[in-house]
Amino acid sequence: MRPIYLDYNSTTPIDPAVLKAMLPYLNEGYGNPSCTHLYGREAHTAVERAREQVAEFLGAHVDEIVFTGGGSEANNHAIKGTILRRETDWGRDAHVIISAVEHPATMLPCEWLRSLGCAVTVLRVDRTGMVDPDDIRKAITPATRLVSIMHSNNEVGTCNPIRGIAAICRERGVLIHTDVAQSLGKVAVNVDDLGIDLLTVAGHKLYAPKGVGALYIRRGVTLTNLIHGAGHELGRRAGTENVPYLVGLGKAAELAGYSLPAATDRLRTLCDRLHGRLSQVLGDRIVLNGHPEHRLPNTLNLNFVGHIGEDFLTEVPDIAASTGSACHAGLVTVSPVLKAMGVPEKLARGAVRLTVGRFTTEDEVDRASELLVAAAR
């Protein structure tokens, strides 16, 4: 038997309905959406239908959705496109605010901008991994152009108070970007409800293929292009559209919209079941990372006390999951996220991330808990 898959925050399998929607465009529907003949018109219609599906899922206007090659590209476009939109200064005398637990696709573009002279403020988080909106308020200066804070953390699942942060940004006339890659399909996300200006979507976290994503750009917000070329995506992102993958993303968004809020409840039930069974036997030999309440319903990040995460999972080959620490040549490296949260190294070295998803069953959760308990003992 294949290992029990508990790594849905890393990537998701393609939903069968998504694959079915994609297949015609991998065969006879191969036209270029920019062409005006029948093949091109069919492809163009498919792309625009996908745009409608993503927009409806997010509560956005159709013309606010720009398709990308994935979440990393969307983050780079949002951040670089905002800071560099005044091309005369190329980021000098500009300021961007992020948190200490952002994904590298946010962290590293900001480091690159810093090399150009842009000021970057990296805000601390509390022990649960959450950003304090008051810290945002204090950090904003007249030079601040962008605040980029992830909606939910990919490692520990903590959800940030984006609505409150966005309100502060609006008061100060600063754009706000949030990466919702981990949140989509697990909790409700609506751009107007959040009050954000820019938002990142990653297809492979939503049961669509890898290599496709989207950037929401609120009407009235202009960005410098990240990719230059022909006038695709209303001139905002060059490159012939990846029709089958965009169709897949659109279908995935549609399915996720239909599944909420029932999906949230189901994921939480499975995750709580796993946590409860482990806690019942192991007690204080496991410690939860992340916020106990304001968290993704599918994410369980646990410190297995007295273990090293990587070594621990090696002892459980029948489970596919991720770790928060690794051991190389006798040296233990701990996740930067856990370090930023202030998790003591003695605990953090035993961190394991267990994430359930659409195709996880109760039987898998129960078998996984037995395997993990046996390894912990």
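The conversation below turns to a sheet and then to salt bridges.

Author: Please note that this is a predicted model.

Reader: Okay, what is the strand order in the open sheet of 4 strands?

Author: The order is E9-E10-E15-E12, and the pairing is antiparallel.

Reader: Which strands stand at the edges?

Author: Strand E9 (286-289) and strand E12 (322-323) do; each has a single partner strand, so one side of each is left without a neighbour in the sheet.

Reader: And how many bridges join E9 to E10?

Author: There are 4 bridges between E9 and strand E10 (residues 299-304). Leu-288, for instance, has Leu-302 in E10 as its bridge partner.

Reader: Which helix lies across E9, E10 and E15?

Author: That is helix H10 (residues 262-282), which runs at about 20° to E10.

Reader: New topic: how many salt bridges does the structure hold?

Author: It holds 20 salt bridges. One of them joins the side chains of Glu-52 and Arg-49, at 3.5 Å from N to O.

Reader: How far apart are those two, Glu-52 and Arg-49, in helix H2?

Author: They are 3 residues apart in helix H2 (residues 38-58), and therefore separated by about one helical turn.

Reader: What about Glu-171, which residue forms a salt bridge with it?

Author: Its partner is Arg-137, with the closest N and O atoms 3.2 Å apart. This pair links distant parts of the chain, as Glu-171 is in helix H6 (residues 162-172) and Arg-137 in helix H5 (residues 133-139), 34 residues apart.

Reader: Is Glu-171 buried or exposed?

Author: Glu-171 is exposed, at a relative accessible area of 56%, whereas Arg-137 is partly exposed, at 36%.

Notes:
Residues numbered from 1 in each chain as written. Predicted model: local features only at pLDDT ≥ 70, side-chain atom pairs only at ≥ 80, totals over all residues. Heavy atoms only, no water. Pairing = 2+ DSSP bridges. Contact = heavy atoms within 4.5 Å. Axes fitted to C-alpha atoms, helices over the stretch in contact; angles between N-to-C directions. Salt bridge = Lys/Arg side-chain N within 4 Å of Asp/Glu carboxyl O. Buried < 20%, exposed > 50% of the residue type's maximum accessible area, 1.4 Å probe, protein only.
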